[in-house]
Amino acid sequence: MKKKDLQLLRKKQLPEIIALVQKKKEELIFSYAKIKAGKLKNTSVLKNLRRDIAQILTLIKEKEIFEKSSKKKE
């Protein structure tokens, strides 16, 4: 995922980001199935999908921590 994409994701609301994670996880499952079937030769797609999912999950965790800390300060 490019840096600009991450910056755009930071501006989105939490439910939108969670939906994106679910979509990426589905893509990952289908990619694994395609590799097992022998239809997908480019295995770097899996690496990129796993990395994207990890980055998005990290962003979700950051938002949750920020929301908790802002509620405590109020």
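Visitor: Which residues in helix 2 meet residues in helix 3?

Guide: In this predicted model, the helix 2 side of the contact includes L14, I17, L20, K24 and Y32, while the helix 3 side includes V45, L49, D52, I56 and K63. The residues of this contact divide into 16 nonpolar, one polar and seven charged.

Visitor: How are the axes of helix 2 and helix 3 placed, and at what angle do they cross?

Guide: The two axes come within 10 Å of each other, and they cross at roughly 160°, which makes helix 2 roughly antiparallel to helix 3. As for handedness, helix 2 passes helix 3 in a left-handed crossing.

Visitor: How many salt bridges does the model have, and what should I look for?

Guide: The general idea is that side chains of opposite charge can pair when their charged atoms come close. Here the count comes to two salt bridges. One of them joins the side chains of K24 and D52, at 3.5 Å from N to O. Because K24 lies in helix 2 (residues 14–37) and D52 in helix 3, this pair ties together parts that are 28 residues apart in sequence.

Visitor: Are K24 and D52 buried or exposed?

Guide: Both K24 and D52 are buried.

Visitor: Which side chain does E62 meet in a salt bridge?

Guide: The side chain of E62 meets that of R10, with 2.8 Å from N to O. Since E62 belongs to helix 3 (residues 44–73) and R10 to helix 1 (residues 3–10), the pair ties together parts that are 52 residues apart in sequence. E62 is partly exposed, with a relative accessible area of 38%, and R10 is also partly exposed, with a value of 44%.

Technical notes: Residues numbered from 1 in each chain as written. Predicted model: local features only at pLDDT ≥ 70, side-chain atom pairs only at ≥ 80, totals over all residues. Heavy atoms only, no water. Salt bridge = Lys/Arg side-chain N within 4 Å of Asp/Glu carboxyl O. Helix = DSSP H or I, 4+ residues; strand = E, 2+ residues; numbered from the N terminus. Buried < 20%, exposed > 50% of the residue type's maximum accessible area, 1.4 Å probe, protein only. Axes fitted to C-alpha atoms, helices over the stretch in contact; angles between N-to-C directions. Parallel < 35°, antiparallel > 145°, perpendicular 65-115°, else oblique. Left-handed = near helix turned anticlockwise from the far one by under 90°. Contact = heavy atoms within 4.5 Å. Nonpolar A, V, L, I, M, F, W, Y, C, P; charged D, E, K, R; others polar.
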